[in-house]
Amino acid sequence: MDERGLPIAKSTLLIPTEPSPFWFNHLLARDPYIVRLALPAPFAKYGTILLVSDSHNEIDEAWSDFQLTLGILALFCILVLLLVYFTLGRPLALLQKMTAAFRQIGRGDYSPRIEERGAPEIVDLSRCFNDMVVRLDDTEQQNAKLQQQLTNVQEEERADLARDLHDEIGPLLFALNIDVSTLQRQGAASTAPASARLEAIASTVSEIQRHVRSMLGKLRPAVLLDLGLDQAVGNLVQFWSRRRPDVDITVDLDCESFGERLDATVYRIFQEGLNNALRHGNPTSIALRANIDEENQLVVVVSDNGSGFSAGHRRAGYGLIGMRERIDALGGSLAVSNRSEGEGAEILAKLPIDALELAASETVP
């Protein structure tokens with residue numbers, strides 16, 4: 001600078017290609033540092049040298065370094081996230097599939113399987129899961145077969161007991177009744193006490209015969225079903241109509257027979273439903289229906305207009321338990337509840353239909 005303080009020459013900083021933003025510059029910038037240098041004596045007349053610091057270049061370099069570092073960190077984070085995704089994504093996807101498979105198994109569907117690939121631990125887990133599902137499926141099928149066998153054994157025992165009552169006890173009671181009638185006609189009992197005793201014996205025999213017939217009606221569905229499901233149900237309705245003429249019982253069957261496998265179960269549902277309705281519901285009408293729906297299922301319904309189930313009713317009797325066991329053995333479902341459209345209770349059973357047995361049955365005209 002000359003004596004007047006005016007600059008003789010001034011240096012100019014190189015403008016960077018990517019200057020730092022204002023906020024970054026403002027964050028790092030400091031007040032300039034000023035140094036005044038006097039020239040030696042021979043050159044003092046020419047003025048002084050004034051040095052002023054300018055931090056823009058350094059800040060711009062720091063900004064470039066900051067951008068590079070930030071880019072490297074971002075790239076590193078992306079690589080780490082990709083590594084975590086590919087490392088944990090497959091196990092998490094496996095857990096999601098396994099959760100969905102468990103839901104299906106809980107609904108009784110044992111078809112889902114987990115693909116066995118990936119890390120050794122995942123393969124072992126998938127293999128163990130698939131083995132468990134296969135065993136559960138086998139166990140469920142075995143239980144169904146055992147339940148069906150148990151139901152068949154119960155039916156055979158009932159049929160054997162019914163035949164014994166009919167073939168053994170029935171003829172004996174009939175013969176005893178004939179003997180008493182013969183003695184009464186022949187006047188063998190000449191005294192009043194003996195005559196009264198014979199009349200008491202005859203009355204007792206008649207009462208025993210009535211109970212035996214009632215037991216046969218409950219024990220002999222197989223014999224009744226030899227005449228067809230519609231005839232067996234007709235006999236059942238007639239049995240109760242004689243005892244409860246105040247109750248209107250209607251029947252709606254799509255077929256005379258749905259096959260031997262289903263007829264006994266349908267009859268038992270009707271029998272137990274009538275017993276429960278007449279014993280507990282005090283209805284004036286009961287509807288029995290066995291129809292085939294659009295899903296090719298046999299829908300069996302027993303509904304009445306009685307008092308229905310109370311709000312606190314939760315206990316199932318042996319009849320309903322036995323009914324549920326029969327239906328489960330056939331792969332069906334059972335719902336027992338109050339009617340939604342009015343008063344009374346409803347038993348709703350859905351049974352899978354064997355197409356071959358249904359084709360062999362005769363349709364009701």
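Contact here means heavy atoms within 4.5 Å, while helices (H or I, at least four residues) and strands (E, at least two) are DSSP runs, numbered from the N terminus. This is a predicted model, where local features need pLDDT of at least 70, side-chain atom pairs count only at pLDDT 80 or more, and totals for chains, interfaces and linings use all residues. Residues are numbered from 1 along each chain as its sequence is written, and side-chain values use heavy atoms, leaving out hydrogens and water.

Let's start with the sheet. Five strands line up as β3-β4-β5-β7-β6 in an open sheet with mixed pairing; two strands count as paired if DSSP finds at least two bridges between them. β3 and β6 (333-338) sit at the edges with a single partner strand each, so one side of each has no neighbour in the sheet. β3 and β4 run parallel, with 6 bridges, and Leu253 has Ala290 of β4 as its bridge partner. β6 and β7 are antiparallel, also joined by 6 bridges; here Leu334 stands opposite Ala349 of β7.

Next come the helices. α7 lies across β3, β4, β5 and β7, at about 15 degrees to β5. Such angles run from 0 to 180 degrees between N-to-C directions, with axes fitted as lines to C-alpha atoms, for helices over the stretch in contact.
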